[in-house]
Amino acid sequence: MILDTPFTKTSQELIQFVTELRGLGAQVYLDLPRIVVIGNQSAGKSSLVEAISGISVPRDAGTCTRCPMECRLAHFPGTWSCQISIRWEYDAAGERLDEVEEVPFGARLTNPADVELMLRRAQAAVLGVSAAGGRAAAVTRFVGMSAEEMRRSTDPSAGGTKALAFSRNTICVDIKGPELVDLSFVDLPGIVQNAEAEIVKLVEDLVTSYVQGNCLILVALPMSDDIENQKAARIAKLADSQGLRTIGVLTKPDTIPAGSTKRREQWLDVLEGRAPPEHALRHGYFCTRQPDDDQRLAGITPGAARAAEAEFFRTTAPWGSSTCPRRFGTGNLVKSISELLTRIISDSLPKLLGEVAAQLTATKKQLAQLPPAVTTEPSAFVLDLVTRFQHDVSELVHGSPRRASLVQATRETYERFKYAIRDTAPAFVPFEDAQRAPKSRMRFVRMEDEDEDGRPAGVGKGAEYQYLEDVREHIRASVTRKLPNNIPYPAKRSLIESFQKKWEEHFMACFERVQAAFKEHLQELMKQRFDRFGHLKGVIICVRPSISGVFTAETCADAPSRPNVMEQVNICAAETVAQLQIQLQLERAAPFTQNTHYLASKRTMQLAQYKQARASRSQNQAPNGKSSDESDSGSAYEQATLGGGKTNGSNGKNGSSPAVPRSPKTLNQKEKETLSEALAALVKLGYSVGEDDLGKLNPPDTYEEELEVMAEVRAYFQVAYKRVIDYTPLLIDLHLLYKLEERLQGVLIERLGLGSAKADARCAAYIAEDPHVSALRSELLAKRAKLEKVQRALYDFGL
């Protein structure tokens with residue numbers, strides 16, 4: 001009937017052209033026009049599909065549509081035939097497969113009566129894939145089953161295995177025959193509400209995913225219920241809010257009770273375009289009437305079914321008197337959706353042409369980004385790769401502008417190391433014990449120098465302070481045979497060793513951080529240079545010797561690995577650790593320096609500082625016998641030593657006290673001028689005296705020996721500290737970084753066998769393309785070829 005209309009030729013050409021595009025695989029990359037049939041469960045959707053396709057589908061209880069069914073109809077002047085296939089897109093757990101596969105299910109059918117049973121079998125295979133042990137096994141198992149065998153296979157009480165309730169995998173039905181129109185549509189499972197929440201969501205998500213994009217939505221709406229109650233209508237509304245792509249198909253008009261005249265009139269208003277605004281559709285509604293169960297069991301033919309449908313609408317009120325007779329009957333529906341699909345295709349093709357061009361450009365760009373195929377001699381190519389890698393390592397080690405990150409990281413590490421060593425400085429406090437020391441002790445253990453970043457030199461957190469009594473007891477414990485007024489050498493040496501013992505931890509922490517950063521950067525370089533060559537990368541990272549002792553490129557899964565690059569890093573790391581241990585041993589062997597001027601300068605300055613602090617302290621005692629900073633004010637000592645000015649005297653009468661020797665740094669401007677004049681006068685008299693020497697003018701101290709030990713140990717610490725914070729980084733750089741750079745290229749050339757007789761064959765295997773890269777290139781080339789074919793087809797079609 002539709003084939004005889006003047007519109008048929010254009011419709012056939014367009015729909016056949018889209019079918020041709022699908023045959024080229026265009027649907028993988030393009031949103032081709034299609035029709036999707038949706039509806040609530042038992043909405044008469046299966047009967048509608050039967051009427052359009054001319055085949056019988058499983059419809060009785062428990063076997064209604066439970067997976068998507070794609071019907072692809074084609075007008076063919078020859079003999080009617082049908083081929084059923086299964087498109088596997090998801091595994092048994094509902095996860096998307098890496099590769100989509102469409103496989104034939106049985107032979108091509110030539111009798112329409114055989115289709116229903118074969119569809120049952122195909123659906124059983126889709127739903128029973130897990131129990132069958134795989135997709136291929138499911139096809140083999142179910143393709144020849146009888147209906148009774150299928151029932152038992154899914155009945156646990158009969159020894160069967162419970163099948164899936166629904167599946168996302170698709171049954172494809174290709175039908176061609178002389179009575180068919182060129183049409184393609186997808187019949188989706190009916191939307192269920194009285195089922196497990198997981199099943200409800202699975203079906204709704206499936207339907208929602210199909211109604212997106214460039215599709216015409218056919219919604220089956222049973223007239224036995226209101227539109228508001230139809231979940232399928234709500235899903236269509238969400239996908240097509242303006243109703244531009246949706247067609248309502250009213251089903252089961254014969255189920256409206258005989259006395260429901262008002263209900264019939266309401267449905268007639270909907271059909272004739274007087275639906276409420278919220279239900280208005282651009283393409284309107286159609287009404288069909290399909291055979292009931294008794295008529296189907298009696299074997300009613302498609303022609304008789306269409307005749308009975310026409311008679312029903314002609315003789316039944318109010319349908320027979322409708323002003324829109326074209327809205328009734330399956331024939332009118334099929335004609336309309338064929339015209340609409342044709343229009344959608346016609347509107348879409350120019351857009352498809354632009355989309356194909358855009359995807360072609362993107363695909364060619366991806367291909368251009370893939371590494372080029374190797375065209376040079378394999379051994380020369382591998383040697384060039386190794387040389388470039390060596391150059392990368394050299395730039396990394398030396399810190400070129402292109403690869404500065406490692407050197408920047410090691411600089412930060414070495415700075416942390418400097419602070420860590422400096423924080424091991426002996427925490428000497430020039431007072432008898434903790435009770436008689438000021439609250440703020442850090443000023444006495446802080447080193448005089450300060451970094452450019454303003455971080456003051458001091459001691460680490462949790463440092464154990466040592467007071468004069470502690471040092472006195474330490475000296476006593478060290479006395480053996482000695483002349484009077486001589487401090488035992490072991491007393492000084494043991495104090496030096498006490499801070500040197502802490503250094504090994506910081507040495508190794510510094511080394512480990514540099515080594516970790518170096519390995520991380522090397523891994524990145526290896527990835528950049530060798531990642532595309534899986535075999536070569538494996539050889540560079542993992543090589544084991546053969547029986548003959550020659551290194552061979554074999555997998556390391558079954559033998560101890562010999563990592564080339566990291567092996568060399570580990571060798572250099574072991575040598576570096578040995579050198580660090582030697583450096584520690586040198587420091588611990590005996591205190592030594594030829595930098596005597598610096599040692600003497602620091603000793604003098606430190607001793608003066610200690611004496612100045614004690615002199616200031618002795619002149620600032622509170623009337624209650626406590627030190628001023630322990631009295632209520634708690635600040636007199638700080639004012640005397642840090643803030644300048646006067647403090648209350650011990651007699652407490654006239655509010656003043658004799659001048660107190662204070663640190664030059666705490667003097668006010670007038671006092672500094674007085675001090676400068678005094679020092680200048682001494683210089684004129686021939687005395688070489690500076691501000692740091694003023695502490696020597698303090699009277700002798702009962703703890704003179706202890707103060708001298710403190711000053712000398714602190715001075716030696718500064719000498720050793722300055723030494724190790726320079727030589728340790730230099731040592732690590734030399735023995736770890738520079739040594740690896742020096743050795744690496746030669747080791748790789750040897751291990752890769754680049755100078756051997758079989759170098760070319762070996763290197764050809766090394767640079768065999770990574771399977772993933774090869775697969776991606778093949779995929780992109782296939783995509784480019786398909787898109788170019790589609791583009792040519794679009795051009796040939798006249799676009």
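How many salt bridges does a search of the whole structure find? The search finds 40. Keep in mind on this tour that the model is predicted.

**Stop one: salt bridges.** Start by selecting Glu70 and Arg72, whose side chains meet in a salt bridge at 3.0 Å, N to O. Both Glu70 and Arg72 are buried.

Next, pick Glu272 and Arg274, another salt bridge, with N to O at 2.7 Å. Glu272 is buried, at 15% relative accessible area, whereas Arg274 is partly exposed at 46%.

Now go to Asp392 and Arg403, where the N to O distance is 3.3 Å. This pair links distant parts of the chain, 11 residues apart: Asp392 sits in helix H13 (residues 378–398), and Arg403 in the loop between H13 and helix H14 (405–422). Asp392 is buried at 1% relative accessibility, and Arg403 is buried at 13%.

To finish this stop, select Glu70, Arg72, Arg87, Glu89, Glu102 and Asp174 together: salt bridges with shared partners join them into one network.

**Stop two: a loop residue.** Find Arg59 in the loop between helix H2 (45–53) and strand E2 (69–75). Arg59 is partly exposed, at 22%.

**Stop three: crossing helices.** Show H16 (residues 468–478) and H17 (residues 489–500), whose axes come within 8 Å and cross at roughly 125°. H16 and H17 are therefore oblique to each other, and their crossing is right-handed.

**Last stop: the surface.** Select Leu682, Leu685 and Tyr687, a nonpolar surface patch with about 320 Å² of accessible area together. Leu682 belongs to helix H23 (residues 669–684) and is partly exposed, at 32% relative accessibility.

Methods. Residues are numbered from 1 along each chain as its sequence is written. This is a predicted model: local features need pLDDT of at least 70, side-chain atom pairs count only at pLDDT 80 or more; totals for chains, interfaces and linings use all residues. Side-chain values use heavy atoms; hydrogens and water are left out. Patches are made of residues with over 30% relative accessible area and no salt bridge: like charges are joined within 9 Å, nonpolar side chains (Val, Leu, Ile, Met, Phe, Trp, Tyr) within 5 Å. Accessible areas come from the Shrake-Rupley method with a 1.4 Å probe; for residues, only the protein chains shown count as cover. A salt bridge is a side-chain nitrogen of Lys or Arg within 4 Å of a carboxyl oxygen of Asp or Glu. Helices (H or I, at least four residues) and strands (E, at least two) are DSSP runs, numbered from the N terminus. Buried means under 20% relative accessible area, exposed over 50%, partly exposed in between (1.4 Å probe, protein chains only). Axes are lines fitted to C-alpha atoms, for helices over the stretch in contact, and angles run from 0 to 180 degrees between N-to-C directions. Angles under 35 degrees count as roughly parallel, over 145 as roughly antiparallel, 65 to 115 as roughly perpendicular and the rest as oblique. A crossing is left-handed if the near helix is turned anticlockwise from the far one by less than a right angle, and right-handed if clockwise.
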